[in-house]
Amino acid sequence: MAKAAKYDMKPLRYCLANGRVIVPYDIIDAAGVLVEGSRVSDVGPVQNLQIEPGTEIIDVEGAYIAPGFIDIHLHGGGGADTMDGVPDALRTMAQVHARGGATGIVATTLSSSMEDLRAAIAAFDVAAQCDGGGAKLIGLHLEGPYFSAAQNGAQDKRYLRNPSPDEYLPILDSSGSIMRVSAAPELSGALELGRVLRRRGILASIGHTDATYDDVLIAVEAGYSHVTHIYSAMSAVERINGYRIGGVVESGLLLDELTVEVIADGKHLPPCLLKLVYKCKGPDRIALVTDAIRAAGMPPGEYSLGSVDDGQAVVVEDGVGWIADRTAFAGSIALSNRLVRNMILLAGVGIEPAVRMASLTPARIMGIDDHKGSLARGKDADIVVFDDDIEVLMTVVEGNVVYKA
């Protein structure tokens, strides 16, 4: 079988061959993936693939062939941030995260002025209309401004407030790209917000919250089904008048109705907590997210979180972003392949479930698993090829090679 000389241009039909193909719950050795146009046409052992004459062969020489990673919570990368409010920032982010194997990203906003939020939404809608040569811009995640001031983390307290339909309904009406909203469900008006989001098919996520277990039970009934970066900026068990009261951490671990996301950059959570979340939730209820800031893919130094003009100062050192006084993390600088590697090395997770938490599970959480998240006939040809160290060799988005090492 001849090896392709190069793969900068996508032929009409090609085959990634001689790899270890990762499919849900299994790894197929000596296998390949056939791509026709933007879709996967076949997956399996190479000898079983119907390779027609004229098919370009790309020999991956034993590397892993996996479904592309889907990052459902990231703010920036390559010096760009969603809150920059310009389409080029989104395109830069998409290109940088493709280097880490991301084939789809959900760009995330921050608590800000309404003017800046509207600009960010409008910029996303423009950027999503054209191919920027990187990960696909799947949708938008509005992270705030409806958060608890007691759990603001790196969210700017100036802009935190209770949800009001007079404010959020025009925002939700302004764009069909909004796929997810994070809010603190204990705030006045937050339960109705959850009901509105559920009716619209938008993921309602619990985040930056001081809610109790009882608050979470009510929130689940109101439509909240996901937990934003578990353990970060949320309540945990505490004693009130001598009685121990569970918080959002315990709720997320206990309730099967809730999926969770984990910032597995090796900084936000130590190995013991990565192992605990995995033990409690399993790979079908955990999404690996970077929560990456504009410093992702950039050297250490000083950056802004949010817009350049109105964002907060961030210091990147020791492999993570800190707010200026170093009292809290301001987000990670990881790309998706680092998350998968850390779950394998730090949490002792097998390679297939680690990949599943970065691909099929986030696709299911976002409701796009009918066409993304796994390598199967008819699905989008979103593919990442990586070596034994989870270093990305190639990233393919809807059949187009957008990155190769």
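Two residues are in contact when they have heavy atoms within 4.5 Å of each other. This is a predicted model, where local features need pLDDT of at least 70, side-chain atom pairs count only at pLDDT 80 or more, and totals for chains, interfaces and linings use all residues. Residues are numbered from 1 along each chain as its sequence is written, and side-chain values use heavy atoms, with hydrogens and water left out.

Let's start with H226. Leaving aside neighbours within four places in sequence, H226 is in contact with several residues, including I72, R180, S205, T259 and I365. H226 sits in strand β13; strands are DSSP runs of E with at least two residues, helices are runs of H or I with at least four, and both are numbered from the N terminus. Because its relative accessibility is 0%, H226 counts as buried (under 20% relative accessible area, with a 1.4 Å probe and protein chains only).

Next come two helices. The axes of α1 and α2 come within 8 Å and cross at roughly 60°; axes are lines fitted to C-alpha atoms, over the stretch in contact for helices, and angles run from 0 to 180 degrees between N-to-C directions. Here P87, L90 and R91 of α1 meet A123, F124, V126 and A127 of α2.

Finally, look at the open sheet, whose four strands run in the order β18-β19-β20-β21 with antiparallel pairing. Two strands pair if DSSP finds at least two bridges between them. Between β19 and β20 there are four bridges.

Here are some elements to find in the structure:

| Element | Residues |
|---|---|
| Helix α1 | residues 87–98 |
| Helix α2 | residues 114–127 |
| Strand β13 | residues 224–227 |
| Strand β19 | residues 312–317 |
| Strand β20 | residues 320–323 |

Key:
Buried < 20%, exposed > 50% of the residue type's maximum accessible area, 1.4 Å probe, protein only.
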